[in-house]
Amino acid sequence: ERFRRHILASRGSAALEQAYDQLKPAPEASAAQAWFRGYALLVLAEDAQRLNAPARADDAYLRAIRALEASVTAEPSYADTAHHFIALALAARARLAQDREDSEVAVALIARAIDTRPESAEWPDGLERTPLGTLRRIRRELESRGQTALLTNLSEDLAVAAPEVWEKSGY
C-alpha cells in the first residue's frame, strides 16, 4: 500500500504499472506482487476513465483482471479479495461496453461480474459505481431499446448465478 501511494504521489498513476513490472520479487512473493499489480492497474483504469480515455481504461481493466487471476493461481488463499476486484473490473468493462453501445459485450461482462462474486454487487469501485448499478443501467437500456433476447439471456444467466442480485436490479 505504501509503495503504491509513493508511486502515485511521486510519479502519478501512469507510472504504477511500470513500477510493478520493475520489481523482482522472490518467488514466494510473486502472488502478492501479482495481486498488488492488479490493484494498481484498477487505479490506473479508474484514472483513465476520469480523463475520458475509455480505450485505455478498458485495456487497464483487462490487465488488472489477468494480474488478479495470476495471483489466485499462485496463491489460492487470495481468491476472495481477487475475485472481489475482478468483479468490479468486469462491471466497469461492462459499463464501458454499454457506453460504446455494444450491448452483447456489456451483457456478457456484467453477467460474468455478478457470477464471479455476487457479494460484490453492491460494493462501489473507486468511481463510486457498483456492479448492481451497472446491471440496472444495462437492464434499463436493453428494455428501452427493445433488446428482449439479450435481456432474456441476462435474466436467465443471473437467475441461476445470483437470483437475489437480479431481483434487486428491478426498479
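Begin by selecting Gln 49, Leu 88, Ala 91, Ala 92, Arg 95, Asp 125, Arg 129, Thr 130, Pro 131 and Thr 134, which line the largest cavity (a cavity being, on a 1 Å grid over the protein atoms alone, a set of points where a 1.4 Å probe fits but cannot get out, with lining residues having an atom within 4 Å of a point). The elements that give two or more residues to this lining are α5 and α7, and the largest share, four residues, comes from α5. About 70 Å³ of space lies in this cavity, a volume being the space filled by probe spheres set on grid points joined across faces, edges and corners.

This is a predicted model, in which local features need pLDDT of at least 70 and side-chain atom pairs count only at pLDDT 80 or more, while totals for chains, interfaces and linings use all residues. Residues are numbered from 1 along each chain as its sequence is written, and side-chain values use heavy atoms, with hydrogens and water left out.

Now colour the chain by pLDDT, the predictor's confidence in each residue, from 0 to 100. The mean for the protein chain is 89, and 89% of its residues reach 70 or more. Confidence is highest in helix α5 (residues 79-99), at a mean of 98, and lowest in helix α2 (residues 16-22), at 68; helices here are DSSP runs (H or I, at least four residues), numbered from the N terminus. Where pLDDT is low, the predicted coordinates should not be read in detail.

Next, select the largest pocket, an open set of grid points with protein on both sides within 12 Å along at least five of seven lines. Its lining includes Ala 48, Gln 49, Asn 52, Asp 58, Leu 96 and Arg 129, and two or more residues each come from α3, α4 (54-74) and α5. The most, three residues, come from α4. Asn 52, which follows α3, has a positive phi, near 55°.

Finish at helix α8 (residues 148-161), whose buried residues are Leu 150, Leu 151, Leu 154 and Leu 158. Seen down the axis of α8, these fall within an arc of 100°, so they line one face of the helix. The face turned away from that buried side carries the exposed residues Thr 148, Ala 149 and Val 160. To see what covers the buried residues, show α6 (103-116), α7 (131-145) and α9 (163-168), which are among the covering elements.

Definitions and conventions
Buried < 20%, exposed > 50% of the residue type's maximum accessible area, 1.4 Å probe, protein only. Arc of directions from axis to C-beta. Contact = heavy atoms within 4.5 Å.
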